[in-house]
Amino acid sequence: MIRSVLFFPLLVMISCGGQRITEDDRIVEPRCDSIFLDTEQGTLNGLTPDMPQEIIKEQLPCFTGDTPDSSDFNCGGGVFFRDRGFFFYTFLKFIEIRKGFGGRSTHDLLLGKTPGDVRELYGRPSEFSPPDFYLYPMGYGCLRINFLSNTVTKVAVHYVPCEEVETCE
């Protein structure tokens, strides 16, 4: 009996060691060497763009800059990973990847694809889509895919409906 009482807490400590629990009880391991943008779930390494900046910086300590939310610059605030090609715009509630993104994403990497490639994967874009990017309603909000010269240059997951998407241009 004493062995099982001592064994259970040890097992819990071993299985949870090195992991952090976020506000909504999701387990996320801190790391910057393996980045994954999940366009179906709207997350980057399990983090969402509506999380507090402190959690993002704790889980991805390789950030190159940050701006407090409600600021007059940097699109209202966020946590930035300029040398890795991704950006958490926490005030506007979206994550954006750009040229230089060295991670992976759902459906291979969309950067560099053509509008035809994107339509093959996601179908017809939302009626709210302007000419230079496509918007796709998703369960978490909206997927935005920007084009320049018929090539995907940015991919963003927004935690707002497509008709409310704001960009930082």
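Cys-32 and Cys-62 form a disulfide, and their two sulfur atoms sit 2.2 Å apart. The term is used here for a pair of cysteine sulfur atoms within 2.5 Å. In general, a disulfide is a covalent bond between the sulfur atoms of two cysteines. Before going on, please keep in mind that this is a predicted model, in which local features need pLDDT of at least 70, side-chain atom pairs count only at pLDDT 80 or more, and totals for chains, interfaces and linings use all residues. Residues are numbered from 1 along each chain as its sequence is written, and side-chain values use heavy atoms, with hydrogens and water left out.

Let us return to the pair we started with. The torsion about the S-S bond of Cys-32 and Cys-62 is about -95°, so this disulfide is left-handed. The pair links distant parts of the chain, 30 residues apart: Cys-32 belongs to the loop between strand S2 (27-28) and strand S3 (36-38), while Cys-62 belongs to the loop between helix H2 (53-59) and strand S5 (65-67). Helices (H or I, at least four residues) and strands (E, at least two) are DSSP runs, numbered from the N terminus. Are these two cysteines buried or exposed? Cys-32 is buried, with a relative accessible area of 12%, and Cys-62 is buried too, at 15%. Buried means under 20% relative accessible area, exposed means over 50%, and partly exposed lies in between (1.4 Å probe, protein chains only).

How many disulfides does a search of the whole structure find? The answer is three. Another of them joins Cys-75 and Cys-168, whose sulfur atoms are 1.9 Å apart. Here, too, distant parts of the chain are linked: Cys-75 is in the loop between S5 and strand S6 (78-81), and Cys-168 is in the segment after strand S12 (151-158), 93 residues apart. Cys-75 is partly exposed, with a relative accessible area of 26%, whereas Cys-168 counts as buried at 18%.

Now look at Cys-142 and Cys-162, which form a disulfide with sulfur atoms 2.2 Å apart. Their link has 95° about the S-S bond and is right-handed. This pair also connects distant parts of the chain, with Cys-142 in strand S11 (residues 141-148) and Cys-162 in the segment after S12, 20 residues apart. Cys-142 counts as buried at 0% relative accessibility, and Cys-162 is buried as well, with a relative accessible area of 6%.

Finally, here is the overall pattern. If you number the bonded cysteines of the chain in sequence order, the pairing reads 1-2, 3-6, 4-5.
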